[in-house]
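Dear colleague,

My notes on a sheet and on the ligand site follow it.

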Amino acid sequence: MSASLSCFNQKCSRRFPITEVLYNCPDCGGLLEAVYDDVLDTAALKTEFRRRRMDNSPLNQSGVWRYREMFPFLDDYANVVTLREGNTPLLDAPKAASYAGMDKIVFKHQGFNPTGSFKDNGMTCGAAQARRLGMTRVACVSTGNTSASMAAYASAGGLQPIIFIPHGNISYGKLAQALEYGARTLQIEANFDQILALVRVLAERLGIYLLNSVNPFRIEGQKSIAIEMMDQRDWAPPDWIVLPGGNLGNVSAFGKALREMVAAGFIAKSPKLAVIQAGGSAPFYDYMTVRGKHDFRAVGHPETLATAIKIGDPVSWPKAQFEIEAAGGVVESVTEQEIADAKAQIGLAGIGCEPASAASLAGLKKLVKAGVIGPDADVVGILTGSVLKDPDYIYRYHTGTLEGPDGVAIRPTYGNAPTVLPNDIDAITRLLS
Ligand code: F0G
């Protein structure tokens, strides 16, 4: 095995042992990534990945660890904590496709994960590395999904989870998960970006292992979303992958996975990446699309009802920029109304997702309208979280009581309010006739 950590800053590229507890390069402050010198036998691995789907061992039943040769950073798989993450389906959604002006769309639904979001793909790797390093406590700041996932994997793996969340700014579904999975839960009166700065200092001071997406092993695990997608498509890449962007860890993971799959010959070419941000929390869109890659500026007070992506200072933006340039791609932003309506359409396709996930379809619709993505393109949209993550938002949308962060009412364009009736069979018959 020949894994090491490498500084992502191309001018530095300093390497460190894979077992060093580092989140940034001590020399230049750059982001870190795991790199490997192994040469892969691509044809043999394709066969082996397929064989493992029929195998009952926990490691092979995991839709992450099944692909472990693509991220060989562990020396002992006894450290793995698996809840059988990954294994998420590709779902056809013809109604959502016509909503976006497309012939066809397929969603890869990460909400089918054990804790209901894509974070499980990365967390299983982060938790394994924590155990390998002999850590006892793990921490993260989160808009809700990372904390739910970390709480579950830490508790399953005998680690103590400590989570920091922006008070009043995460959905109850996600907060409830963290409590149920036994996390020490601290609600801080600050926003995500402010708390991340705080937690980084605390982790160092108290010797707690940090499991935010600055942790390079989380990124390694999230690569499996793209790898599994290609395996499910018999290694035929789509034209585009569309996904929401918050802290920008996920697009960084997708880009790394695509580059590595092209380099090893798993796929012939890389799909392009379209990252969608919520308009009130769109620093990366502003930087990449509006200001032409000049002067990255954080958003001081990010706002959006899609609380999962309510992030103004995304740590992984240099990686995200690199990957979008390597794969080709665009960054788009969408309004609260566009997210809400797209979300209802995903629901009407019988699929459903949480608000942040719906940014994928809302952004795709915009990009098709602008002619950036052709109506006949082969597109996979990533639905990052389950419909059950934020029921309060859904009820308000359908009953016409949802308000944007600016207090402006969101129209229930596809509203489906429940009807209250007396216990009167004739009244019910009249209504349904
Ligand atoms: N979608 C959902 C449902 C999320 O929870 C997140 C991020 C994203 C999209 C954006 O992904 O940050 O990799 O660009 N949630 C984090 C959290 C920040 O704390 O749960 P990203």
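Two strands are taken to pair if DSSP finds at least two bridges between them; strands (E, at least two residues) and helices (H or I, at least four) are DSSP runs, numbered from the N terminus. On that basis, β1 (residues 3-7) and β3 run antiparallel and are joined by five bridges. Within this pair, Cys7 stands opposite Leu32 of β3.

This is a predicted model, in which local features need pLDDT of at least 70 and side-chain atom pairs count only at pLDDT 80 or more, while totals for chains, interfaces and linings use all residues. Residues are numbered from 1 along each chain as its sequence is written, and side-chain values use heavy atoms, with hydrogens and water left out.

The open sheet has three strands in the order β2-β1-β3, with antiparallel pairing. Because β2 (15-17) and β3 (32-36) are at the edges with a single partner strand each, one side of each has no neighbour in the sheet.

Polar contacts are pairs of N or O atoms within 3.5 Å. A backbone N or O atom of Thr146 is 2.8 Å from a ligand oxygen atom, and one of Gly246 is 2.7 Å from an oxygen atom of the ligand. In the side chain of Thr384, an N or O atom lies 2.7 Å from a ligand nitrogen atom.

Yours sincerely

Terms used
Polar contact = N/O pair within 3.5 Å; in protein donor to acceptor, adjacent residues only side chain to side chain.
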